[in-house]
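Here are my notes on this one, for when you have the model open. Could you go through them with the structure alongside?

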Amino acid sequence: MSEESTFFLPVRDYCHRQLITCNVNDSIVTAAQIMRERTISSLIACDDNGQPVGIMTDRDLRNKVVADALDPRTLAVKSIMTSPVISVKEDDTLFEVLYRMSRHRIHRMGVVDDNNALIGFINESDIIRLQNRSPQHLLKSIDEADNNGELRRIHAESEQLIVFLSRNGVDTPSLIKLISLFNDQLTDRLITLLKQERFPGMGKKSTFMVLGSEGRREQTLKTDQDNAIIYSDQANADEIRDIEAFAHALIECLIDIGVPECPGGIMARNDFWRRSLSGWKRIISDWIDNPKSENIVNFGMLSDMRGLCGNHALEQELREFITSKAQDNSIFMARMAHNVVNFSQPLGWFGRIKVERKGEHAGKIDLKKAGIFTITEGVKVIALSIGIFGGSTLEKLKQLETRGVLDKRQVADLEAAFTLLTGMRLRGQIEAADLGNEITNYVAPETLDRVEMGRLKEALEVVVAFITTLKQHFRLEMLRG
């Protein structure tokens, strides 16, 4: 078996099934003695009914007891354990384990059966012994990088890893999650280095936010920068100047490591996308009062915001403001839906798939224009109108089903269509990257076999049906002007 194939081995074959436990009320000294006697680095903590509720590790002992000079004889396990136990299914692959470990910055995970009962655990070291080349290894390299040159190399390696994983059968949702994780941590490392070198206080009175597909964690290989900054109304003139300087430095660093600047200028170095909390509230109110196309696009972009670092209280207050404004302004939301509906009609006469008529991509299908945009933006508009903010498109769809806004069958159709379209787009981009060609959102019909063309047409028929849903939901026939 090749080294690479270890990504796809099932967890059940490599997890430790002998659970060594303690009670949450045991003293830390008692728990530590058990760990020493059994030569283990973690201990499952159970409640009085014997149910696992947390995990205590040697890192918890070091960071939460020794480093704070606390007396371990006076503390119970429950005071320092991590709860709940983050877990995977025993039939999940080691790739899923590595992703979740990286996402949560942990080194061991619980393993549960189909009834969600804890049956064992798996350590990072178990997988590293099997495979040194892994997403986890690359993410560790990001954490250890101390200059832009190293991060530039790692950014290129991350694209190569995505190509490799795709060839070996990793599904599209997992690849997209991993791309987002790489991009998040590359940006986070750049911010850390900038804070160490020039901006030690950055983030106390500001929040750096990613927008658009990055905000939704739906990036593919063709991605540029979409970001913004909120800063506190209490920031003084010197602090605001530092925030501006930081924004310019960070954007230049991102460009330097290989993340292109946004062609539309949606970047925190531009004054328009860097404002105080009250400044953002004022401009959002102005957008809603003047629902021209540009304002609708800007509102939609900001409505995908996700704070990457800094003072998240600022982000939360702005999220609540946007959500409230969306729910209180049905006409503006209808205008947003109208923009989505008019953006593209993917099928022409007799149900034929529309292709580009001119230009360098003539004869090709723009998958983003044909359907991805309509689904992501349409789902977002409906979600915002009922108070749902943030999350991926698939997560929003589940919430809309739970709330009874969309029925189960329609949600299943939209999920399938979205997954197919994003999968085709990512596959095309991976093939282009592998050949050293330009990465785009286009696919040539002649590269698809009859089955793929049939599935693509079915997906676009779902998009057309969703356009009808948007028209009905927002009563667009009543909209004037």
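1. Thr 57 is buried, because its relative accessible area is 9% and buried means under 20% (exposed is over 50%, partly exposed in between; 1.4 Å probe, protein chains only). Thr 57 sits in strand 3, residues 52-57; strands are DSSP runs of E with at least two residues, helices are runs of H or I with at least four, and both are numbered from the N terminus. Leaving out residues up to four places away in sequence, Thr 57 touches Met 35, Ser 41, Ser 42 and Arg 108, where contact means heavy atoms within 4.5 Å.

2. A word on provenance: this is a predicted model, so local features need pLDDT of at least 70 and side-chain atom pairs count only at pLDDT 80 or more, while totals for chains, interfaces and linings use all residues. Residues are numbered from 1 along each chain as its sequence is written, and side-chain values use heavy atoms, with hydrogens and water left out.

3. Next, the hairpin. Strand 5 (residues 108-112) and strand 6 pair in the antiparallel sense over five bridges; pairing takes at least two DSSP bridges. Gly 110 has Phe 121 of strand 6 as its bridge partner. Five residues lie between the two strands, and Asn 116 in the turn has a positive phi of about 65 degrees. Strand 6 (residues 118-123) is mostly covered, with six of its six residues buried.

4. Which side chain does the side chain of Asn 25 meet in a polar contact? That of Lys 78, at 3.0 Å; the term covers N or O pairs within 3.5 Å, where within protein one atom must be able to donate a hydrogen and the other to accept it, and residues adjacent in sequence count only if both atoms are side-chain atoms. Asn 25 lies in the loop between strand 1 (21-23) and helix 1 (28-38), and counts as partly exposed because its relative accessibility is 41%. Beyond neighbours within four places in sequence, Asn 25 is in contact with Asp 48, Ala 76 and Lys 78.

5. Finally, the second largest pocket. Its lining has 24 residues, with Lys 177, Arg 216, Arg 217, Ser 392 and Glu 395 nearest the centre. A pocket here is an open set of points on a 1 Å grid over the protein atoms alone, where a 1.4 Å probe fits, with protein on both sides within 12 Å along at least five of seven lines; lining residues have an atom within 4 Å of a point. Helix 7 gives the most to this lining, with five residues.
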